[in-house]
Amino acid sequence: MPPKVTPKSNTIKYRQNNQKLKGQGRNIDYKKFPQHTNKSKLISNGDIRRLARRGGVKRISSDVYELSKLYMKLYISNILRDSMIYANYSGRATILADDICRAAKRAGQTAIGFTH
């Protein structure tokens, strides 16, 4: 029997018992991914800088990054809330691309390349 390996946190987790349990399927090792506590960190300052450059901005103040993350979060949450309302009204549990397009159109942004 090989020696037990104690894994580090946020790495591969090993099961303690290698026996096949009834109803559990195959006994496979799995990876544990880190949980992001602050979702605004997923949009980096470089991403915001690239968007600003595409819009024609030369210089960016340091306050702009946090404000743009806040407004992006608000805009996306409003779009998702409206698209969930559209999906619930039509009796579906799945949000379709049409629901997103309708919600964006309601917010004043028309999606080019999609119907409706």
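**How α2 and α3 meet**

Mentor: Helices α2 and α3 are oblique to each other, because their axes cross at roughly 125° and an angle between 115 and 145 degrees falls into that class. Keep in mind as we go that this is a predicted model.

Trainee: Which residues of α2 and α3 make the contact?

Mentor: From α2 (residues 63–89) the contact uses I79, L80, D82, S83, Y86 and A87, while α3 contributes D99, I100, R102, A103, A104 and R106. The residues of this contact divide into seven nonpolar, one polar and four charged.

Trainee: And is the crossing left-handed or right-handed?

Mentor: The crossing of α2 and α3 is right-handed, and the two axes come within 8 Å.

Trainee: Switching topic, which element has the lowest mean pLDDT, and which the highest?

Mentor: Strand β1, residues 12–13, has the lowest mean at 46, whereas helix α1, residues 45–55, has the highest at 94. Over residues 10–14 the pLDDT is below 50, although this stretch still has 14 contacts in the model beyond near neighbours in sequence. For the chain, the mean pLDDT is 78, with 63% of residues reaching 70 or more.

Trainee: One more: where is R59, and is R59 buried or exposed?

Mentor: R59 is found in the loop between α1 and α2, and it counts as exposed because its relative accessible area is 77%, with the cut-off for exposed being over 50%.

Trainee: How far is R59 from R49?

Mentor: Their C-alpha atoms are separated by 9.1 Å, with R59 and R49 lying 10 residues apart along the chain.

Key:
Residues are numbered from 1 along each chain as its sequence is written. This is a predicted model: local features need pLDDT of at least 70, side-chain atom pairs count only at pLDDT 80 or more; totals for chains, interfaces and linings use all residues. Side-chain values use heavy atoms; hydrogens and water are left out. pLDDT is the predictor's confidence in each residue, from 0 to 100. Helices (H or I, at least four residues) and strands (E, at least two) are DSSP runs, numbered from the N terminus. Contact means heavy atoms within 4.5 Å. Axes are lines fitted to C-alpha atoms, for helices over the stretch in contact, and angles run from 0 to 180 degrees between N-to-C directions. Angles under 35 degrees count as roughly parallel, over 145 as roughly antiparallel, 65 to 115 as roughly perpendicular and the rest as oblique. A crossing is left-handed if the near helix is turned anticlockwise from the far one by less than a right angle, and right-handed if clockwise. Ala, Val, Leu, Ile, Met, Phe, Trp, Tyr, Cys and Pro count as nonpolar, Asp, Glu, Lys and Arg as charged, and the others, Gly among them, as polar. Buried means under 20% relative accessible area, exposed over 50%, partly exposed in between (1.4 Å probe, protein chains only).
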